[in-house]
Amino acid sequence: MKTLILYKTKYGSTKEYAQWFNEDFGAQELLNLKDFHKAKLDDFDPIVIFSSVYVGQIGAGGFLKKHWEQLKDKKIVLLSVGAMPADTTESQKSYELLPQSIREKLFHYEKLPGKLDLNKMNFLDRFIIKKMGGENLNLMDRKLLKPIVEKLQQS
């Protein structure tokens, strides 16, 4: 079967991780989730989904819930990307918002560190981040993808 990489990004960090993963793994398709047609799901296994986390929710959660019947027997890797560290209560809660039936069947899940670029943010997001004392920040690390790529290659 062919490998598919999907991504859902707000400001570009998630897309950048997806592109790095594709360079390291060599999937057959790399697509923005909004441009993907669900009829193609049957053509791929494994499926690697990169998703931004925004306001405490994994953006691709709706896609997973909506298409879980079609996805549940496939090897699904879910990688969420956000500025909040993986070991925080907030990050754990965003993962737990996914139904348990999905969480139990994921081949792999991981929270990857993202970045904040105030210049790319819309007014409201920039206002909120500044109000919380936030500033430009880049925690992205391509090396974090290596063990995930290797796990998928060995499966």
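**View 1. Met-140 is a buried residue in a loop.** With a relative accessibility of 13%, Met-140 counts as buried (buried means under 20% relative accessible area, exposed over 50%, and partly exposed in between, using a 1.4 Å probe and protein chains only). Met-140 sits in the loop between strand E8 (137-138) and helix H6; helices (H or I, at least four residues) and strands (E, at least two) are DSSP runs, numbered from the N terminus. Setting aside neighbours within four places in sequence, Met-140 is in contact with Ser-13, Glu-16, Tyr-17, Trp-20, Pro-113, Gly-114 and Lys-115, where contact means heavy atoms within 4.5 Å. Ser-13 lies 127 residues away from Met-140 along the chain, yet their C-alpha atoms are separated by 7.8 Å.

A word on the model: this is a predicted structure, in which local features need pLDDT of at least 70 and side-chain atom pairs count only at pLDDT 80 or more, while totals for chains, interfaces and linings use all residues. Residues are numbered from 1 along each chain as its sequence is written, and side-chain values use heavy atoms, with hydrogens and water left out.

**View 2. Asp-117 is a partly exposed loop residue.** Look for Asp-117 in the loop between strand E7 (115-116) and helix H5 (123-131). Its relative accessible area is 25%, so Asp-117 is partly exposed. Ser-13 turns up here again: Asp-117 and Ser-13 are 104 residues apart in sequence and 9.6 Å apart in space, C-alpha to C-alpha.

**View 3. Helices H1 and H6 cross.** The axes of H1 (residues 13-25) and H6 (residues 146-154) come within 10 Å and cross at roughly 45°. Axes here are lines fitted to C-alpha atoms, for helices over the stretch in contact, and angles run from 0 to 180 degrees between N-to-C directions. The two helices, H1 and H6, are therefore oblique to each other (under 35 degrees is roughly parallel, over 145 roughly antiparallel, 65 to 115 roughly perpendicular, and the rest oblique). On the H1 side, the contact is made by Phe-21, Asp-24 and Phe-25, and on the H6 side by Ile-148, Val-149, Leu-152 and Gln-153.

**View 4. The largest nonpolar core has 20 residues.** Such a core is a set of buried Ala, Val, Leu, Ile, Met, Phe, Trp, Tyr and Cys residues joined through side-chain atoms within 4.5 Å. Leu-6, Ile-47, Ile-49, Phe-63, Leu-64, Leu-71 and Ile-76 have the most contacts inside it. Strand E1 (2-8), strand E3 (44-54), helix H2 (61-71) and strand E5 (76-82) each give two or more residues to this core, and H2 gives the most, with 4 residues. Zooming in on Ile-47, and leaving aside neighbours within four places in sequence, its contacts are Leu-4, Leu-6, Leu-41, Leu-71, Lys-74, Lys-75, Ile-76 and Val-77.

**View 5. A cis peptide bond joins Asp-45 and Pro-46.** Omega is about 15° at this bond, and Pro-46 lies in strand E3. Pro-46 is also touched by Thr-3, a residue of strand E1. Thr-3 is buried, with a relative accessible area of 6%. Among the other residues that Thr-3 touches, not counting those up to four places away in sequence, are Phe-25, Ala-27 and Phe-44.

View 6. Not counting residues up to four places away in sequence, Tyr-54 touches Lys-10 and Asp-125. Tyr-54 and Lys-10 are 44 residues apart in sequence and 8.2 Å apart in space, C-alpha to C-alpha.
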